[in-house]
Amino acid sequence: MAALPINTKVVVLLVLGISMVVFTIPAGKADDGLKQTIMSVYFHDHSSGSPDSTVRAVVGFPGKLWNLTQFGTLFVSDDPVTEGPDPESAPVGRGQGIFVTTSLDGVNTHVSLSIVFTNEACNGSTIQVQGNSDQMKAVREYGVVSGTGKFRYASGYVTFESFSFNSSISYAVIRCNISIRHY
């Protein structure tokens, strides 16, 4: 291969240098027009199997007990969501989604959940939660992958932590801490 004339080498180096500068300078602020919302809401989880249950196992492996620690068990939920831990506190919406025990040891659960707001401030808006986490941890973290309405294009994360549990009636109150950025 023939050597390039010095002028061509300089031009190539300049073009490469300028390209590197152009591609390393941020296009603008990452938060242009984005709002940040941080809130906590409470899910009321009834999983007793009674007619008023808000969580139900719908499919699992034949011959195996369908429960939260059995690999392959799929649950659906439609939990009431409130402003506070008391079930009589102001309603915010519903937590509607699916949960699948995805690890052979029964520890991890994949979650795909919509927080559907029905309160006056956010009526019709949603936050879409998705991810895989160790369901035995005190605090479980999932990604927020999208949103609609007031939370359009949301991204961020949520944490779920058990607030209280009454094993005699299989009723849990779960605090959901939401931290998102959206338009």
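User: Let's start with open space: what is the volume of the largest pocket?
Analyst: Rolling a probe the size of a water molecule over the atoms shows where empty space is left. A pocket here is an open set of points, on a 1 Å grid over the protein atoms alone, where a 1.4 Å probe fits, with protein on both sides within 12 Å along at least five of seven lines. Grid points are joined across faces, edges and corners, and the volume is the space filled by probe spheres set on them. For the largest pocket, that volume is about 780 Å³.

User: Which residues lining the largest pocket are the closest to its centre?
Analyst: A lining residue has an atom within 4 Å of a pocket point. The largest pocket has 28 of them, and the closest to the centre are D45, L68, Q135, R140 and I174.

User: How many residues of the lining are nonpolar, polar and charged?
Analyst: Ala, Val, Leu, Ile, Met, Phe, Trp, Tyr, Cys and Pro count as nonpolar, Asp, Glu, Lys and Arg as charged, and the others, Gly among them, as polar. By these classes, the lining of the largest pocket holds 16 nonpolar, seven polar and five charged residues.

User: What kind of model is this, and how are residues numbered?
Analyst: It is a predicted model, in which local features need pLDDT of at least 70 and side-chain atom pairs count only at pLDDT 80 or more, while totals for chains, interfaces and linings use all residues. Side-chain values use heavy atoms, with hydrogens and water left out, and residues are numbered along each chain as its sequence is written, from 1.

User: How many helices and strands are there?
Analyst: Helices (H or I, at least four residues) and strands (E, at least two) are DSSP runs, numbered from the N terminus. Along the sequence the pattern reads α-β-β-β-β-β-β-β-β-β. That gives one helix and nine strands.

User: Which two residues meet in a salt bridge?
Analyst: Side chains of opposite charge can pair when their charged atoms come close. The rule asks for a side-chain nitrogen of Lys or Arg within 4 Å of a carboxyl oxygen of Asp or Glu, and the count comes to one salt bridge. The pair, 16 residues apart, links strand 4 with strand 3. With 3.0 Å from N to O, the partners are R94 and D78.

User: Is D78 buried or partly exposed?
Analyst: Buried means under 20% relative accessible area, exposed over 50%, and partly exposed in between (1.4 Å probe, protein chains only). The relative accessibility of D78 is 31%, so D78 counts as partly exposed.

User: Is S89 buried or exposed?
Analyst: S89 sits in the loop between strand 3 and strand 4 (91-101). Its C-alpha is 9.6 Å from that of Y42, although S89 and Y42 are 47 residues apart in sequence. Because its relative accessible area is 19%, S89 is buried.

User: Which residues form a nonpolar patch on the surface?
Analyst: One of the members, V76, lies in strand 3 (residues 74-82) and is partly exposed because its relative accessibility is 32%. Together the members have about 380 Å² of accessible area, and they are V58, V59, W66, V76 and I98.

User: What is the phi of Y153?
Analyst: Y153 is in the loop between strand 7 and strand 8, and at 59% relative accessibility it counts as exposed. It is not a glycine, yet its phi is positive, at about 60 degrees.

Note on methods. Patches are made of residues with over 30% relative accessible area and no salt bridge: like charges are joined within 9 Å, nonpolar side chains (Val, Leu, Ile, Met, Phe, Trp, Tyr) within 5 Å. Accessible areas come from the Shrake-Rupley method with a 1.4 Å probe; for residues, only the protein chains shown count as cover.
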